[in-house]
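Dear colleague,

I am handing over the structure below, and after it you will find my notes on what came out of going through it. Please read them alongside the coordinates.

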Amino acid sequence: FVTINNSLFQEKKVFQIYPINIKKTQIQDDLKIIYVSRVTIETNLEEKNIWKKYKTQLIEDFSLIDNKKFFEKIFPDNNNELKKFNLYKKLKLLLRFEIIKNIKARFDKKLNLIGDDWSSFSFNSLPSIYNIKKIKKIYKGNICLDLGSTLGSISLYSRSNQIIESGGLIIQSFQSDSRKIWGNIHDKILFNNLSDLISLIEKLLNNKVYCSILLQEISKNFSDSKKFIEKSLDKIFI
């Protein structure tokens with residue numbers, strides 16, 4: 001069983017995890033954009049050339065990297081699974097860096113960036129925080145940017161669940177199961193390109209009442225999480 005779905009490399013059943021014990025909270029008066037992640041953009045020559053060639057397309061459609069046909073066009077050597085997986089992760093990291101660079105340029109001090117690697121690229125950032133209570137306090141009532149896992153494409157995994165349980169207002173890049181997980185609110189919190197992400201952030205920063213309503217809708221969306229977890233456990237015990 002796996003907890004991250006990756007349509008490019010596996011067809012195994014995913015043990016789906018869900019957020020539970022979601023904290024009821026209020027939107028912060030000094031609303032911030034929170035992004036917590038480490039990043040590395042060191043590349044070999046092949047990775048650098050592939051990124052250069054497809055960078056514009058990937059920025060215009062984040063989900064392309066999880067499109068099997070598109071990825072096979074980028075990397076036709078299907079026999080080397082490890083090399084393919086490493087390229088997949090590297091392209092996700094390069095795209096993540098490009099997104100954050102643009103968000104920082106656009107929103108500057110509204111972005112709170114947390115992770116050890118960012119300072120080496122001249123970003124104003126805090127070092128990685130491993131205390132769960134401190135992380136949850138930072139997420140609480142703020143706009144929390146989630147660019148997905150570098151291992152695959154799934155809406156609910158450790159980081160996104162932590163944001164939701166902390167009472168953070170999650171906004172997330174489109175994932176393979178987004179419509180199923182987010183239901184009627186998917187069009188309110190999801191984005192699939194840089195332009196849509198910037199527009200979404202601007203909308204949220206300028207309307208705290210709307211943010212509060214959306215935070216309640218996110219919590220309501222997972223009111224049956226325990227029941228869904230039981231169904232996931234059935235995959236193991238049946």
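In which hand of crossing, left-handed or right-handed, does H3 pass H8? The crossing of H3 with H8 is right-handed, where right-handed means that the near helix is turned clockwise from the far one by less than a right angle, and left-handed that it is turned anticlockwise.

Before the details, a word on provenance: this is a predicted model, in which local features need pLDDT of at least 70 and side-chain atom pairs count only at pLDDT 80 or more, whereas totals for chains, interfaces and linings use all residues. Residues are numbered from 1 along each chain as its sequence is written, and side-chain values use heavy atoms, with hydrogens and water left out.

The secondary structure of the protein comes to ten helices and six strands, these being DSSP runs numbered from the N terminus (helices H or I, at least four residues; strands E, at least two). Of its 238 residues, 49% count as buried (under 20% relative accessible area, with exposed over 50% and partly exposed in between; 1.4 Å probe, protein chains only). Among contacts (heavy atoms within 4.5 Å) between residues at least 6 apart in sequence, 71% join residues at least 24 apart.

To return to the pair above, the axes of helix H3 (residues 81–107) and helix H8 (residues 194–205) come within 11 Å and cross at roughly 40 degrees; axes are lines fitted to C-alpha atoms, for helices over the stretch in contact, and angles run from 0 to 180 degrees between N-to-C directions. H3 and H8 are therefore oblique to each other, since angles under 35 degrees count as roughly parallel, over 145 as roughly antiparallel, 65 to 115 as roughly perpendicular and the rest as oblique. The residues that make the contact are Ile99, Asn102, Ile103, Arg106 and Phe107 on H3, and Leu194, Leu197, Ile198, Ile201, Glu202 and Leu205 on H8.

Also in helix H3 is glutamate 98, which counts as buried because its relative accessibility is 11%. Leaving out residues up to four places away in sequence, glutamate 98 touches Trp51, Lys55 and Ile59.

Helix H5 (residues 158–165) is mostly covered, with six of its eight residues buried, namely Ser160, Asn161, Gln162, Ile163, Ile164 and Glu165. These buried residues pack against helix H4 (132–139), strand E4 (143–146), strand E5 (169–173), helix H6 (178–182) and helix H9 (208–221). After H5 comes glycine 167, whose phi is positive, near 80 degrees.

With H4, the packing angle of H5 is about 65 degrees and the axes are 8 Å apart, so H4 and H5 are roughly perpendicular to each other. H4 passes H5 in a right-handed crossing, and the contact involves Ile132, Ile135, Lys136 and Tyr139 of H4 together with Arg159, Gln162 and Ile163 of H5.

Finally, helix H9 holds cysteine 211, which is buried, with a relative accessible area of 0%. Apart from neighbours within four places in sequence, cysteine 211 is in contact with Ile27, Leu31, Leu169 and Leu204.

With best wishes
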